[in-house]
Amino acid sequence: MRRNSYSRKRISAGKFMGISTALNENLLNTNYSPVSYNFTFDKGALRSEMGIEEASTSTLTSGTLRHPLPALPDDKKPSSLHLFRKYDSVNGKRADKLLVRTTDNDFYETAIFETDTFHQVVNLAAYGKDCSACYRYEGKDLFLLSSERGFFYTYDGESVTKIDEAPNMTSMCVHAERIFATVSGEQNKVWFSKEFNPVNWKVSGTDAGFIEFDDDGGKVIKVVRFLNYVFVFRDFGIERLSAYGAQTDFSVSKIYASSSRIYPDTIVSTGDRIIFLTDEGLKYLDGYNVGNMCENLTDFLPADKRNCVGAGLNDKYYLAAYLNFGNYNSDRFLDESLVCKNNAIAACDVRGGGFSIMRGADVSSMLSLKVHTEASLLMTFTGANSGKIGRLVKSGKYFESVLPKFWTTGYSDLGYPDREKSLREISLVSTCDVTVGVVLDGKTYEYAVSGNSLPQKIVVNRPFRRLRLFVRSEAFSITAITAPSVVVDIM
């Protein structure tokens, strides 16, 4: 009797688990992809649940009923976004405002929960890196603004007051009824206002003051209120400041030191962690300990991280960066290096450590807008969309442009390096039109698959030593693509 000279195997990815660069591609489990963008991984299937549209905000009574943000004046472009938390005590309702700094350093405001236009806030301006906070003082809600080369202002919704005695701040937070701030030109000091008085910056034992740190941690770069402390981030470390009551009761503890630089615009408090980017990758602080986060993202990060910005919303940390996709380029993204400071957003699961990548978004700043019925991630842009304010949504589109989507396996010999193999067929379920492709020993073959809720089989019948399987799509809405399986004869 003649015996078969091959064995037939069905190899299935099982389910999509996300992106991993932890292993060489040849060793990578087919559940994971070395590179994927504009797909999300939900319940083991590929979907398109990241997109950006022109910004809108909710109504006072509903988080689902929305109205679009008004347009800025024709010659104005947004630079940074700020929230002014304000309560209208006369009418007994929220009157929160969105303040937009424009590229010519002016400020415009609009109501968040009502249809409105943008109105210029006269005499409010910033120069260089800006920062803001909200504070209730003498029965009024105040918007506080400062910048590294500007002044410190208070704004109550009607009038702007410049506080000449205050330092020029680069970050600020409210803690124990004081303002704590990092200050332009002060390499190793954190300033604080008088208790219960954000406009008193006179240095004395009972008024305002500053805390001076040693030089080991580098420059102070940001202050964050978290877990009833003020965390002071420095170029190469973190200090925890306990600051209640009199200045004499303040105490400082060093909780993290590193040789890896921390980037201030990526430091975000979200949930029960502070997330921040270093030269080694993303890290988290739980208040006492620092750990690594989303380590598989590290290989995508740029060498120059100064343009990276972060924001947090709904247990996700969003990092806008110029990610490195290596050889996985596309004609749709050829202009990235020409116009973009950042080219993608990584959506990172704060607890689980997985992430998805939205590629093609040139984001320059982000604001997590969380107030009353509104919870949105708003953003500004460089390049062609520099005049817009966007909002993160689940559209699968970048404004009106469909985001091209891509997922691939590693380039693998399937664990049989010395054996010849033949790819017989590929099977998958896709509810939308996709292109399924294989790379066999350097040669690419693509197959168009129409959307269908039933399993579909692609007959290939081609020999190979090494194989890569990929899926790409131009569909803007993808309900689900299940992980493909392949039938392989091993000689």
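**Notes on charge pairs and backbone angles**

1. R94 is partly exposed, with a relative accessible area of 24%, where buried means under 20% relative accessible area, exposed over 50% and partly exposed in between (1.4 Å probe, protein chains only). R94 forms a salt bridge with D96, and the closest N and O atoms of the two are 2.7 Å apart; a salt bridge here is a side-chain nitrogen of Lys or Arg within 4 Å of a carboxyl oxygen of Asp or Glu. D96, for its part, is buried, at a relative accessible area of 1%.

2. On the basis of these values, please note that this is a predicted model, in which local features need pLDDT of at least 70 and side-chain atom pairs count only at pLDDT 80 or more, whereas totals for chains, interfaces and linings use all residues. Residues are numbered from 1 along each chain as its sequence is written, and side-chain values use heavy atoms, with hydrogens and water left out.

3. By the salt-bridge rule given above, the count comes to 32 salt bridges. One of them pairs R391 with E53, with 3.0 Å between the closest N and O atoms. This pair links distant parts of the chain, since R391 belongs to strand β38 (residues 390-393) and E53 to strand β7 (residues 51-54), 338 residues apart; helices (H or I, at least four residues) and strands (E, at least two) are DSSP runs, numbered from the N terminus. R391 is buried, with a relative accessible area of 14%, while E53 is partly exposed, at 32%.

4. A further salt bridge is formed by E280 with K283, whose closest N and O atoms lie 3.2 Å apart. E280 is partly exposed, with a relative accessible area of 45%, but K283 counts as buried at 7% relative accessibility.

5. Turning to the backbone, L414 is not a glycine and yet has a positive phi of about 60°. L414 is placed in the loop between β41 (405-408) and β42 (421-430), and its side is partly exposed in the sense used above, with a relative accessible area of 21%.

6. N461, a residue other than glycine, likewise has a positive phi, with a value near 55°. N461 lies in strand β45 (residues 452-464), and at 43% relative accessibility N461 counts as partly exposed.
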